[in-house]
Amino acid sequence: MPEEVLAAGGGTHNQALMGHLARALSPTPLRALDDAGGQVDAKEAILFAVLGFLTLRGRPGNLPSVTGAAHPVPLGSITPGRGGLDFLGALTR
């Protein structure tokens with residue numbers, strides 16, 4: 001049994017969700033990452049940065065064993081706009 005569970009992400013702002021989780025995990029305490037000195041909202045920002053990096057590199061961002069997808073694939077698409085941007089050149093400098 002874990003000593004406590006730390007929750008992160010936007011769902012931590014949902015009191016009903018956190019209440020359900022707390023009851024389901026009882027007697028193990030549930031705390032938001034903020035309460036432990038972290039930042040609950042940083043999780044999505046970090047995840048999207050990682051997924052964007054993987055997409056720029058043409059690497060898969062999914063786990064077929066988890067999602068049920070037929071095979072690994074890059075997720076999303078990069079649309080640089082009218083002027084274009086040298087995304088990959090910026091990453092290698």
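Helices (H or I, at least four residues) and strands (E, at least two) are DSSP runs, numbered from the N terminus. With that in hand, we can take a walk through the structure. This is a predicted model, in which local features need pLDDT of at least 70 and side-chain atom pairs count only at pLDDT 80 or more, while totals for chains, interfaces and linings use all residues. Residues are numbered from 1 along each chain as its sequence is written, and side-chain values use heavy atoms, with hydrogens and water left out.

Let us begin with confidence. The predictor's confidence in each residue is called pLDDT, and it runs from 0 to 100. Over the chain the mean pLDDT is 89, and 92% of the residues reach 70 or more. Confidence is highest in α1, at 97, and lowest in helix α4 (residues 87-92), at a mean of 63.

Now for the overall layout. The chain has four helices and two strands, and along the sequence they follow the pattern β-α-β-α-α-α. The radius of gyration (taken over C-alpha atoms) is compared here with a globule rule of 2.2 Å times the number of residues to the power 0.38. The chain has a radius of gyration of 18 Å, well over the 12 Å that the rule gives for 93 residues, so the chain is more spread out than a compact globule. Its C-alpha atoms fill a box of roughly 55 × 35 × 25 Å along the principal axes.

Two further totals describe the chain. Buried means under 20% relative accessible area, exposed means over 50%, and partly exposed lies in between (1.4 Å probe, protein chains only). Buried residues make up 13% of the 93 residues. Contact means heavy atoms within 4.5 Å. Of the contacts with a separation of 6 or more, 48% are between residues 24 or more positions apart.

Next comes the loop between β1 and α1, where both Gly11 and Thr12 are found. Gly11 is partly exposed, with a relative accessible area of 31%, whereas Thr12 counts as buried at 15%. Leaving aside neighbours within four places in sequence, Gly11 is in contact with Leu17 and Met18. With those neighbours again left aside, Thr12 is in contact with Ala7, Met18, Ala32 and Val40. The side chain of Thr12 also reaches the backbone oxygen of Gly9 at 2.7 Å. That is a polar contact (a pair of N or O atoms within 3.5 Å; within protein, one must be able to donate a hydrogen and the other to accept it, and residues adjacent in sequence count only if both atoms are side-chain atoms).

Moving along, we come to the loop between α1 (15-25) and β2, which holds Pro27. The peptide bond from Ser26 to Pro27 is cis, with omega near 15°.

Which two side chains meet in a salt bridge? A salt bridge is a side-chain nitrogen of Lys or Arg within 4 Å of a carboxyl oxygen of Asp or Glu. A search of the whole structure finds one, and it joins the side chains of Glu4 and Arg31 at 2.8 Å, N to O. The pair links distant parts of the chain, 27 residues apart: Glu4 sits in the segment before β1 (5-7), and Arg31 in strand β2 (residues 30-32). Side chains of opposite charge can pair when their charged atoms come close. Glu4 is partly exposed at 34%, and Arg31 is partly exposed at 29%.

Not counting residues up to four places away in sequence, Ala36 touches Leu6 and Arg31. The C-alpha atoms of Ala36 and Leu6 are separated by 8.0 Å, though the two are 30 residues apart along the chain.

Gly58 follows α2 and has a positive phi, near 75°.

Our last stop is Asn62, in the loop between α2 (42-56) and α3 (64-67). Is Asn62 buried or exposed? Asn62 is buried, with a relative accessible area of 13%. Its side chain reaches the backbone oxygen of His71 at 3.3 Å, and a polar atom of that side chain lies 2.8 Å from the backbone nitrogen of Val73. Beyond its neighbours within four places in sequence, Asn62 is in contact with several residues, among them Thr67, Ala69 and Leu75.
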